[in-house]
Amino acid sequence: MNNAVHGSAVCRRIAGARDLLPLAGAHPGRYPALLESAAPGPSARWDILFAFPEDRLMLGQDGMVRDASGHDRGAHFLDALDVAWRAGRDGQGDTGLPFTGGWLLYLGYELAGEVEPSLVLPAAQATYMPVALALRCPAAVLVDRAEGCTWLVAEQGREILLDAMLRDLEA
């Protein structure tokens, strides 16, 4: 198997569309989120298993944003995300793939108050769910349902992650 460089990512194509759910379940720390297409048709082409999270921004119920080390990043999630995103931007360019490294986002309903402060939102329910979460993932496993193949992608300089993902898929 050969690696190919696409923009600022290194990619490896594997024949066959792999089932990513068992891999996500077996290694949740390495593979924190799976976006899986359920509907048939051209709008449901890609499954994405995000891999090897390195950093995190989380807006908790207490209204504070913290990174993966627990350091306070202020009270505005979107501002903290913008700073982190700009710091890691490297002009990836179009690869034809839906993800080649970057941020995975979960944005809860309550985050709307940060976008539009004049909204009167109901009080958040006591829960362990964050209001917003961003995970910095330099790699992913992609299934292209249209082409019937699987792609391993990693940012340049992280090629070693391709081998780790392949081992996990084969295990």
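Is Glu54 buried, partly exposed or exposed? In this predicted model, Glu54 has a relative accessible area of 40% and is partly exposed. Glu54 forms a salt bridge with Arg158, and their closest N and O atoms are 2.1 Å apart. The two partners come from distant parts of the chain: Glu54 sits in the loop between E4 and E5, while Arg158 sits in the loop between E10 and H4, 104 residues apart. Arg158 is partly exposed too, with a relative accessible area of 29%.

The whole structure holds nine salt bridges. Another of them joins the side chains of Arg45 and Asp144, at 2.7 Å from N to O. Here again distant parts of the chain are linked, since Arg45 belongs to the loop between E3 and E4 and Asp144 to strand E9, 99 residues apart. Arg45 is partly exposed at 32%, whereas Asp144 is buried, with a relative accessibility of 2%. A further salt bridge brings Arg73 to Asp67, with 3.4 Å between the closest N and O atoms. Arg73 is partly exposed at 31% relative accessibility, and Asp67 is buried at 11%.

Now follow the chain into helix H4, which covers residues 160-170. Its buried residues are Leu161, Leu162, Ala164, Met165, Leu166, Asp168 and Leu169. They pack against strands E2 (9-15), E4, E9 (139-144) and E10 (149-155), and against helix H1. Asp168 has a relative accessibility of 11%, and so counts as buried, because the cut-off for that is under 20%. Leaving aside neighbours within four places in sequence, Asp168 is in contact with Leu23, His27, Arg30 and Tyr31.

Next, look at the rings. There are two aromatic pairs in the structure. Tyr31 and Phe52 form an edge-to-face pair, with 5.8 Å from centre to centre and 65° between the planes. This pair links the loop between helix H1 (21-26) and strand E3 (33-35), where Tyr31 lies, to the loop between strands E4 (46-51) and E5 (55-59), which holds Phe52. Tyr31 and Phe52 are both buried. In the other pair, the ring centres of Phe50 and Phe99 are 4.8 Å apart and the planes stand at 80°, so this pair is edge-to-face as well. Phe50 lies in strand E4 and Phe99 in the loop between helix H2 (77-88) and strand E7 (102-107), so the pair ties together parts that are 49 residues apart in sequence. Phe50 and Phe99 are both buried.

Our last stop is an open sheet of four strands in the order E6-E5-E8-E7, with antiparallel pairing. E6 (65-67) and E7 are the edge strands, each pairing on one side only. From one strand to the next, the twist averages 15°. Six bridges join E7 to E8 (residues 132-137), and Leu104 stands opposite Leu135 in E8. Helix H2 lies across E5, E6, E7 and E8, and runs at about 165° to E5.

Note on methods: Residues are numbered from 1 along each chain as its sequence is written. This is a predicted model: local features need pLDDT of at least 70, side-chain atom pairs count only at pLDDT 80 or more; totals for chains, interfaces and linings use all residues. Side-chain values use heavy atoms; hydrogens and water are left out. Helices (H or I, at least four residues) and strands (E, at least two) are DSSP runs, numbered from the N terminus. Buried means under 20% relative accessible area, exposed over 50%, partly exposed in between (1.4 Å probe, protein chains only). Contact means heavy atoms within 4.5 Å. Rings of Phe, Tyr and Trp (its six-membered ring) pair if their centres lie within 6.5 Å; planes under 30 degrees apart count as stacked, over 60 as edge-to-face and the rest as tilted. Two strands pair if DSSP finds at least two bridges between them. Axes are lines fitted to C-alpha atoms, for helices over the stretch in contact, and angles run from 0 to 180 degrees between N-to-C directions. A salt bridge is a side-chain nitrogen of Lys or Arg within 4 Å of a carboxyl oxygen of Asp or Glu.
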